[in-house]
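Me: I have a structure open and want to learn to read it. Can we go feature by feature?

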Number of protein chains: 2
Amino acid sequence: MQHTCIYYLLVSDEIQSFCVKGWGVDLGLLMVKMNHTTLDTSEYAAVVNMNLFVALLCACIVIGHLLEESRWMNESITALVIGLCTGAIILLSTGGRNSHLFVFSEDLFFIYLLPPIIFNAGFQVKKKQFFRNFMTIVLFGAVGTVISFTIISYGAIKIFNRMNVGSLELGDFLALGAIFSATDSVCTLQVLNQDETPLLYSLVFGEGVVNDATSVVIFNAVQHFDLSRITPSDAFHLIGNFFYLFVTSTGLGVGAGLLSAYVIKRLYFGRHSTDREVSIMILMAYLSYMLAELFYLSGILTVFFCGIVMSHYTWHNVTEKSRVTTKHVFATLSFISELFIFLYVGMDALDIEKWSFVQDSPGKSLGVSSILLGLVLVGRACFVFPLSYLSNLTKKNAREHITCRQQVLIWWAGLMRGAVSMALAYNQFTRSGHTQLHGNAIMITSTITVVLFSTMVFGLITKPLVRLLLPPSKNMSRMASSEPISPKSFSVPLLGNERDPEDEAGQNGSALHPSSLRVLLSTPSHKIHYYWRKFDDSFMRPVFGGRGFVPYIPGTPTEQSVHNLIPEEGSG
Amino acid sequence: MQHTCIYYLLVSDEIQSFCVKGWGVDLGLLMVKMNHTTLDTSEYAAVVNMNLFVALLCACIVIGHLLEESRWMNESITALVIGLCTGAIILLSTGGRNSHLFVFSEDLFFIYLLPPIIFNAGFQVKKKQFFRNFMTIVLFGAVGTVISFTIISYGAIKIFNRMNVGSLELGDFLALGAIFSATDSVCTLQVLNQDETPLLYSLVFGEGVVNDATSVVIFNAVQHFDLSRITPSDAFHLIGNFFYLFVTSTGLGVGAGLLSAYVIKRLYFGRHSTDREVSIMILMAYLSYMLAELFYLSGILTVFFCGIVMSHYTWHNVTEKSRVTTKHVFATLSFISELFIFLYVGMDALDIEKWSFVQDSPGKSLGVSSILLGLVLVGRACFVFPLSYLSNLTKKNAREHITCRQQVLIWWAGLMRGAVSMALAYNQFTRSGHTQLHGNAIMITSTITVVLFSTMVFGLITKPLVRLLLPPSKNMSRMASSEPISPKSFSVPLLGNERDPEDEAGQNGSALHPSSLRVLLSTPSHKIHYYWRKFDDSFMRPVFGGRGFVPYIPGTPTEQSVHNLIPEEGSG
């Protein structure tokens, strides 16, 4: 007998009473959860299951590696399939008795698994590409989500009321709209490659991040407003709320990133210890996410911008070893979290309790799933194509336009629904993890079906579809013209110093006598870019560090800034 | 309102019912713990507290960095002091009502915080130094712990029975012996520097690791045997148990390490992804620890040897980036875990419930603490000096002897009692996190006092004591002769290929006509060393990879092995 195991037997009852105390809750958040009616066997089972889960994660990595060359598979789908298989085996081995194989926990998801994924996305995102398409991304993420939400909710009300699926209220239908308009950023990261399709990646992933702020507002609205008789002032209130959320969340993330940069630059940790630098970066990033949760902001937006700022300033202030370490440790944490989520969703999908509710009406459940999937397809189509057209209107250069094929891919790549949708569905349609209402059970099983189907089928088809619509050679050359493909672009600063290919395009554009509308809409973006660059060089970098400032490399920022003046002069 | 926060309100009841299911327990281990009588406010408080805790960790790093130049302070003590101060502030701000500021959780400690610390110690340990002193380390860790346990238990029985401290049984006294003979490896890592005092470090830290296996056996014995009438067969059973535990735990760790090396070498992950390599290493290491827990083995021994094997084989099979990343990520995780533990212990120390029990008899509590501290001092002295003498007898070379000053330091540096002692004390003397018995309450508060006093006072004095007894110049030159001090020694393989300074010492020793006893005792160690090296070069490295094998560097292992034959021939 190992002492730790002896503890298990004795500690289980303690835990319960610990929790009731105020501060106990805090550690509760970090602590092991215990079965209330704990026995030796169940604690032992917990250790067995934990071993099994870690071993499965290892298996996912190895199998994912072996399947890497496959043009259909990716690691998410591998994890999902392994999760499903394991779930099936356990279900069979317990004779269908052990139904709750793996219970989906929103808290595990939102507190531990999501932050590293989104932070890493911000840390590794090609900042230039992201900020160049910033307005399009916000358009897609905010307006697009509202359109999608409206269509799905409206469609659900019209169709489900006729189908008699159970006692669903207006709030449930609106929640359905919010659940199924939440694009899953995690899936997107898996199926799209930043280096191969940078424009698509930044648009679809960026949309997913902004989408979060929108869904917060919509969810809040569904909970607190009577949407059947909304007044114009309510609408303004909602829009104001969105902007408040967007600005404060972004500000918090930027602030946390800058603070970490300043502390590391000021104290010059690098002289002493790489571990301290890495620790500070990890802890500050996590703190920014938790602070956002504390202030009821969008943690996803916050940690995303924290990642961007950290890669622009903090990352350049640390030692070379810390740079390599942070780059890979964030990617690794994100990688493990992603696998964890997909394995988890795959196992949870076989939860027999919910399926037993819909056993008597499998046709209805299938029908609901198909209708929801159809609504998702239509809802997304209804904003991708019109908004892409709108976005193209503002671009002066035809090469910057979102082509028809790219629009189809944006539509397709954002169709996947993942853990976010499941978390929202559990929140809306279950109480105490169980559902007694027939209608609610159908909604849960339909959500699982949609998530599995969209992730696996749409996910499987995305890679071949990208190759079909954007053949590598054409695609690569096309993308290469607007963004240099190199691993070094990781360290490209936020709208950085180097000569921008877009500026050359701008010169060409101005030579072609652009229409006045285009000039009007594109100039502010260039102006902002220019002033930001100036501000960054003269104030931000000297204070917070950044490329070329720690350690100081004698560069010629002034000379390079002059280059960037040219398109301004040409087009202005 | 943020959607995540909405979930908090709804999910809390779900969690409870989730747990009762078999598999729910599994995720329970990873999940957020929830207050049973949850309200909005308490969930919000949990987020507040989590923020506060992460912020405090950041503060510890910054303040620890600022105090680094101090000859007294170290990061553990800083974290402990910050924890105490924060605890005091919260206690005052809640008017003494919120007594359970931070509840010590054995599971959090043994499942999440301890594994990264011990794994990192194995990963970064100077393998040559460790294996050279292997017999001494096992002697200290096994025989020493039994001696210390006996003396503390015996002393406690004799003294406390006269003091009338409450209803303590024989089992309680024996448990006290086990609790206070558990050397805290974490504190040792903080106060001793591997580069400055490699011999001390490897002896004291190695002892701490072996100590774990011993304490498992002792704890088990206290629980299952009637020690008042122990038979010789029981004693043999215990000794056999210890060897079984030692061999299987080590084997499991070595096996897990070799498996990771083989998988990475075979599949050649490096070609594709650094993230996969790092993930596999992290997950396999953790899996080895959890497997040990599963089989009731010593997880600490397992994960320590897994770290050693991984640094000898796996680490050489991965890409250069992965090497830098893993080296620093393990160190960082260990660093954060250590800070976490000390901050946590500092905060928990102010738990008012236990102190209120001893309010009426502060003198008695202080007396018990002093006696326990005295017994710890005496118990350790009783095995360090005799066993050092015994160890010196087996060394043929006077330069390898443990000097008197070093013996004092070994005695002193192992006196600290930390989180392990607290975990054991909570296990023995509380039920459901509370204690109703006066005697038990005194034991808990005394343990806290001993832990705080030994960590802070002994910890503060250790650094200056090392400088006093082993002045840097003398110390450095002394140590340099037996072990080259360089950051590269990190990559020195297990009893590696390079010309061993000890071998030269061996030649000198044989020239001085060593006594036959010395030859008898030292030869096997050299023989083992030689055969191991041969086996490693001819079989292990070609199969599992390792320095010089992936990628292949044309070295001359045969030529170097010949060098190592010389002392064998000379002395044999």
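This is a predicted model: local features need pLDDT of at least 70, side-chain atom pairs count only at pLDDT 80 or more; totals for chains, interfaces and linings use all residues.

Me: Is A:Ile82 buried or exposed?

Reply: Look at the relative accessibility and compare it with a cut-off. Buried means under 20%. A:Ile82 has 12% relative accessibility, so it counts as buried.

Me: Which residues is A:Ile82 in contact with, leaving aside neighbours within four places in sequence?

Reply: Five names to find on screen: A:Leu56, A:Ala59, A:Cys60, A:Ile63 and A:Leu343. Now try a distance. A:Ile218 is 136 residues from A:Ile82 along the chain, and their C-alpha atoms are separated by 35 Å.

Me: Let's switch to chain B. Where does B:Lys127 lie?

Reply: B:Lys127 is in helix H6 of chain B, residues 127–132. Apply the cut-off again. Its relative accessibility is 2%, so B:Lys127 counts as buried.

Me: What does the side chain of B:Lys127 make a polar contact with?

Reply: The partner is the side chain of B:Ser311, at 2.8 Å.

Me: Next, cysteines. How many disulfides are there over all chains?

Reply: The test is a distance: two cysteine sulfur atoms must lie within 2.5 Å. By this rule, the count over all chains is 0. Take A:Cys58: the nearest cysteine sulfur belongs to A:Cys60 and is 9.2 Å away, and A:Cys58 is in no disulfide. For B:Cys404, also in no disulfide, the nearest cysteine sulfur is that of B:Cys382, 16 Å away.

Me: Are A:Cys58 and B:Cys404 buried or exposed?

Reply: One of each. A:Cys58 has 7% relative accessibility, so it counts as buried. Exposed means over 50%. B:Cys404 has a relative accessible area of 57%, so it is exposed.

Me: Last topic: empty space. What shows where it is left?

Reply: Roll a probe the size of a water molecule over the atoms. Here, a search of the whole structure finds 15 cavities of 30 Å³ or more. The largest cavity has a volume of about 1,800 Å³.

Me: Which residues are closest to the centre of the largest cavity?

Reply: It is lined by 50 residues, and those closest to its centre are A:Tyr112, A:Leu333, B:Tyr112, B:Pro116 and B:Leu333.

Me: How many nonpolar, polar and charged residues are in the lining?

Reply: Sort the lining of the largest cavity by class: 47 residues are nonpolar, 3 are polar and none is charged.

Notes:
Residues are numbered from 1 along each chain as its sequence is written. Chains are lettered from A and ligands numbered from 1 in the order in which they are written. Side-chain values use heavy atoms; hydrogens and water are left out. Helices (H or I, at least four residues) and strands (E, at least two) are DSSP runs, numbered from the N terminus. Buried means under 20% relative accessible area, exposed over 50%, partly exposed in between (1.4 Å probe, protein chains only). A polar contact is a pair of N or O atoms within 3.5 Å; within protein, one must be able to donate a hydrogen and the other to accept it, and residues adjacent in sequence count only if both atoms are side-chain atoms. On a 1 Å grid over the protein atoms alone, a cavity is a set of points where a 1.4 Å probe fits but cannot get out, and a pocket is an open set with protein on both sides within 12 Å along at least five of seven lines; lining residues have an atom within 4 Å of a point. Grid points are joined across faces, edges and corners, and a volume is the space filled by probe spheres set on the points. Ala, Val, Leu, Ile, Met, Phe, Trp, Tyr, Cys and Pro count as nonpolar, Asp, Glu, Lys and Arg as charged, and the others, Gly among them, as polar. Contact means heavy atoms within 4.5 Å.
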